[in-house]
Amino acid sequence: MEILSQILQVGFFAALLRIATPLIFGTIGELYAERAGVLNLGIEGIMMFSAMAGFSGAYFTHSLWFGVLVAVLAGMLGGLLMAVLCVSLGLSQHVSGIGTTLLFSGLSFFLYRLIFGQPSTIPVIEPFRTVNIPWLAKIPIIGPVLFDQYALVYLAFLIVPVTSWILYHTPWGLNLRTVGENPQAANSAGVSVAATRYQALLIAGMFMGLGGAFLSMAQYNAFTFGVISGRGWISIALVVFGQWSPYKSMAGALLFAFIDALQLRLQASNMIHIPYQVFLMMPFVLTILAMALVSRNARAPAALLRPFRKEER
Amino acid sequence: MRRTQTKKSCGHWVAAWLVSVGLFLAGGLTGSLIQPAMAAGNIKIAAVFETPIEEPWVNQIHVALLKAKKELGVEYTWSESVKAADFARVMREYAEKGYQLIMGDSFGTEKIARRVARDYPKTAFVFGSGIGPAEPNFGVFDNWIQEPTYLSGMIAGKMTKSNKIGVVAAMAIPEINRLSNAFCAGAKEVNKAVKCQFSFIGSFFDPPKAKEAAIAQIESGVDVIYAERFGVIEAAKEKNILAISNMSDQSSLAPDTVITGPVWDMWPTVKYVVGLVKAGVYTAQDFGGFSYMGKGGSYLAPLHKWDSKLPAAVKAMVAKRKQEILDGTFRVDISESAPQ
């Protein structure tokens, strides 16, 4: 009990939201791609590439928001490559995705080296500061947690309801879901499967780009090789956890972040003496457990992984 | 139908190309691509690194080798981000090309590096390693920088007001444990009431996670933190507490936050090894001793802004202990068990 009261403070919940943010961007991005029937395994490389591109953009222009724009464009470039490979050429989505991740992570370091050379100290930027929303930030407990965060954190939590609304309440969302479930039917109804999938992958790239930008420009102030560290892969798992629904995926990201923030505080408290590896495992183990219990009836979009060719049945 | 097939095979070619270009770029050719053409010189040194040269550990080796190029007139080239699958091939390429000395870090590729070295007995291999050298040609070194880390711990012990100091480290492996333990031992020597807290992030490089781990410690009351990993200093700066850097002089990241920290200098090691190879008397040895303070292989980073801010009594205390270490009259205990 003493431990809990020490841990469950304002700082804990603020950390939870920060840890969840890149995962939410990645997860929502991946969700668009998968709902249209394309598994985007390029996510890890695309996030890395965007983190690099966004950081470089901000470094040279001294404008963080310009950096974010560059990151978004870089992410969309990754989405475009995936679209060319899996939609136009109809290739295996697994191979294209792994290829995209390898290409874009290799490219990130290669371009970083070309742009920055070999500096003796890592180049850094002045990162995003938290945006304190007047009045609301003064509310005890909830205020500092919810209303004193980075702008990109607010954005992450905003895109979840927006995505849900787009998917379930707009004609385009219906087209997207149909393309992911039954592309033949969508095609006969006059919906261009290829165009819809291109659009979905570009939007997916955009959000992955925001995730990368958050890590190199808000959560940290430099581009380094460990800056993504598997957060893209975690996002893919969280989409499954969330049964391809925006709100449930967000819940997955929050659960993962909750346990991660908790284990960091348990480690720091020095009160429970178990090997630290157990703490580090906690977010993964508990998320998998929750997934096994909650997502048993989850069903992937029916056309996921299946390239669509008009002339084939 | 026919058209589809052509499209398909063309696509497979594109995918194969994509994967190989990705592997090529990821596979450590960046260093050699933008290297200027090598000048004719005496001995040729190559380095093979598992990570990009930004990795702090690798960077200290790289910097010392660049200095060797400048001051000893050796030829030097390197490959970075060489993953385990490519490590043997890249090592062999350099050995076949006639490089006399091949250096690198081999913690993740220990067995591979040792196996390759056996095939080229005339080439000197000197790798960062937690275990011993192997005849006839595999020498080892390591970051034996526990002495300046101990001195940093003494400063931390004096500067903490909450009597809680923290270490955010990668994982509990011997190289890292001996630094964490030395830091804490130094603090405890000067302040019996001090409590050390240890957090691990489970990977060697994940600055956003290290930053979160540091914030968690700071919120639990830690007010001086040893930044064994990147990301910690940023948290200390944001939360307005004090930090001790690691591996290189990192004061420029946050001059008001970073007091000082242990610095690893590979120059004495490199200089000595190059001398042996040049003279043709190289043998497999443990060069670890060249990273000790006495040899100049490690030291406490300059105080910069803190030169005027650190209390005179603390400065004098550290200077005295430093002299005792250099004189050989004080020995920092090496403890490689997981810190508690």
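A nonpolar core here is a set of buried Ala, Val, Leu, Ile, Met, Phe, Trp, Tyr and Cys residues joined through C-beta atoms within 7 Å. In this predicted model, the largest such core has 198 residues. Those with the most contacts inside it are Ala51 of chain A together with Ile45(B), Leu101(B), Val168(B), Ala214(B), Ile225(B) and Val232(B). The top contributor is helix α10 of chain A (residues 193-219), which puts in 15 residues. On the chain B side, the core takes at least three residues from each of domain 1 (26-141 + 266-295) and domain 2 (146-261 + 301-327).

Setting aside residues up to four places away in sequence, Ala214(B) touches Val168(B), Ile225(B), Gly231(B), Val232(B), Ala235(B) and Ala236(B).

Now for chain B as a whole. Of the contacts in chain B between residues at least 6 apart in sequence, 67% link residues at least 24 apart. The chain splits into domain 1 and domain 2, and both are built from two separate stretches of sequence: 26-141 and 266-295 for domain 1, 146-261 and 301-327 for domain 2. The C-alpha centres of the two domains of chain B sit 30 Å apart. Where these domains meet, 9 residues of domain 1 are in contact with 10 residues of domain 2. The domain 1 side of that meeting place is made up of 4 nonpolar, 4 polar and 1 charged residues.

The two chains also touch each other, with 43 residues of chain B in contact with 42 residues of chain A. On the chain B side, the elements giving two or more residues are α1 (2-26), β7 (195-200) and α8 (207-219). Of these, α1(B) gives the most, at 13 residues. By type, the chain B side comes out as 20 nonpolar, 15 polar and 8 charged residues.

Strand β3 of chain B (residues 101-105) pairs with β4(B) in the parallel sense over 5 bridges, and Met103(B) stands opposite Val126(B). To get from β3(B) to β4(B), the chain passes through helix α5 of chain B (residues 110-119), making a right-handed β-α-β crossover. β4(B) also runs parallel to strand β5 of chain B (residues 138-141), joined to it by 4 bridges. In that pairing, Gly128(B) has Phe141(B) as its bridge partner.

One parallel partner is strand β6 of chain B (residues 164-169), joined to β8(B) by 4 bridges, with Val167(B) opposite Tyr226(B). Strand β9 of chain B (residues 242-244) also pairs with β8(B) in the parallel sense, this time over 3 bridges. Here the bridge partner of Tyr226(B) is Ile244(B).

Over in chain A, Ala137(A) lies in the loop between β1 (131-132) and α6 (142-146). With 17 other C-beta atoms within 10 Å, Ala137(A) counts as partly exposed, because a residue needs 20 or more to be buried and 12 or fewer to be exposed. Leaving aside neighbours within four places in sequence, its contacts are Asn132(A), Gly143(A), Pro144(A), Phe147(A) and Asp148(A). The C-alpha atoms of Ala137(A) and Asp148(A) are separated by 6.1 Å, though the two residues are 11 apart along the chain.

Key
Residues numbered from 1 in each chain as written. Chains lettered and ligands numbered in written order. Predicted model: local features only at pLDDT ≥ 70, side-chain atom pairs only at ≥ 80, totals over all residues. Contact = placed C-beta atoms within 7 Å. Nonpolar A, V, L, I, M, F, W, Y, C, P; charged D, E, K, R; others polar. Pairing = 2+ DSSP bridges. Right-handed = clockwise from strand over helix to strand, strands pointing away. Domains from an automatic or database assignment.
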